[in-house]
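Dear colleague,

I am passing on a structure that I would like you to look through with the notes below beside you. Please open it first, and then follow the notes from one topic to the next.

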Amino acid sequence: KAPFGGGREKGERIMQEPQKKNILGYLISGGQATRMGGINKAGVCFRGVPMGERIIKTLSKQAAQVWVSANRDVDMFLKFGAKRVLKDRVEGSMGPLAGLEALEGEVPSEVEWILISPCDVPLLPEGLSDFFISHYRETPASILTIRVGGKFQNTTALIHRSVLGTLKETLQAGDRKVGLWMQRMGALPCDWAGDPLSFANVNSKEELELLEKEAK
């Protein structure tokens, strides 16, 4: 056990080591997808399977259950296998932090950790939770995030529930930068030495076609 390194909930909650039974998978799909013509990227197929469905299945192998942050197409995500879909509680398009804020007060008591992913990384690795767990054992932190080739992929991370209570105030202050919030919370960057395409984002049809060709 280790003391938590970020925000606190009521009472003195101690971080339990992450493992499948105490991890909630959380797909964040609240973007406007303007470069994809405004369609929901989670429903766009990568090699014949919707990206959202692929990622939910990948997360379900590493977490006790999977929820989704989305402001539309709730039935689609439930069909993909999500147990629950949460809408943003803050007004305006505040991005991924708003999706995380929606978890505050909703997370089941048995959940310690939230394994998050955006909806447009179709090659998300099945060993992601094990990767984070190994880093946590070396250096316990309340947020562990991915760094690939020196570049941060902040919307792919393992987050302890204790930091969720800091998000409402952050958003009310007009701050919507995920990286800045994580830095304030003492996030641990974890360098990914595997295939860099594991976290490649699809933001356009051209990027989708290119990734389909380049991916193993």
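**Aromatic pairs**

There are five aromatic pairs in this structure, which is a predicted model. Trp113 and Tyr136 are both buried.

Another edge-to-face pair is made by Trp192 and Phe199, with 5.1 Å between the centres and 85° between the planes, and these two residues are buried as well. Trp192 and Phe199 also belong to one aromatic cluster together with Phe131 and Phe132. A contact of another kind involves Trp67, where Arg84 lies over the face of the ring, at 5.0 Å from its centre.

In soluble globular proteins, nonpolar side chains tend to be buried together. Here the largest nonpolar core has 33 residues, and those with the most contacts inside it are Phe77 and Phe132. Among the elements that each supply at least two residues of this core are strand E3 (23-28), helix H1 (51-60), helix H2 (74-80) and strand E11 (188-191), while the largest share, four residues, comes from H4. If you select Phe77 and leave out residues up to four places away in sequence, you will find that Phe77 touches, among others, Leu27, Ile56, Val68 and Val85. Apart from this core lies another one, of 26 residues, including Met94, Leu103, Val178 and Met185.

**Strand E10 and its partners**

Is strand E10 mostly covered or mostly uncovered? Seven of the 10 residues in E10, which spans residues 151-160, are buried, so that the strand is mostly covered. E10 pairs with E9 in the antiparallel sense over six bridges, and E10 also runs antiparallel to E8, to which four bridges join it. E9 and E10 form a hairpin with two residues between them, and Gly149 in the turn has a positive phi of about 55°.

Most residues other than glycine have a negative phi, and most peptide bonds are trans. With that in mind, please look at Arg47, a residue other than glycine whose phi is positive, near 50°. Arg47 is placed in the loop between strand E4 (45-46) and strand E5 (49-50), and it counts as partly exposed because its relative accessibility is 39%, which falls between the cut-offs of 20% and 50%. Asp73 also has a positive phi, near 55°, and its place is in the loop between E6 and H2. With a relative accessible area of 36%, Asp73 is partly exposed.

The mean pLDDT of the protein is 90, and 90% of its residues reach 70 or more. Over residues 1-12, however, pLDDT stays under 50, although the model has 26 contacts beyond four places in sequence for this stretch. Where pLDDT is low, the predicted coordinates should not be read in detail.

With best wishes

Conventions: Residues are numbered from 1 along each chain as its sequence is written. This is a predicted model: local features need pLDDT of at least 70, side-chain atom pairs count only at pLDDT 80 or more; totals for chains, interfaces and linings use all residues. Side-chain values use heavy atoms; hydrogens and water are left out. A nonpolar core is a set of buried Ala, Val, Leu, Ile, Met, Phe, Trp, Tyr and Cys residues joined through side-chain atoms within 4.5 Å. Buried means under 20% relative accessible area, exposed over 50%, partly exposed in between (1.4 Å probe, protein chains only). Contact means heavy atoms within 4.5 Å. Rings of Phe, Tyr and Trp (its six-membered ring) pair if their centres lie within 6.5 Å; planes under 30 degrees apart count as stacked, over 60 as edge-to-face and the rest as tilted. A charge sits over a ring if NZ of Lys or CZ of Arg is within 6 Å of the ring centre and within 35 degrees of the ring normal. pLDDT is the predictor's confidence in each residue, from 0 to 100. Two strands pair if DSSP finds at least two bridges between them.
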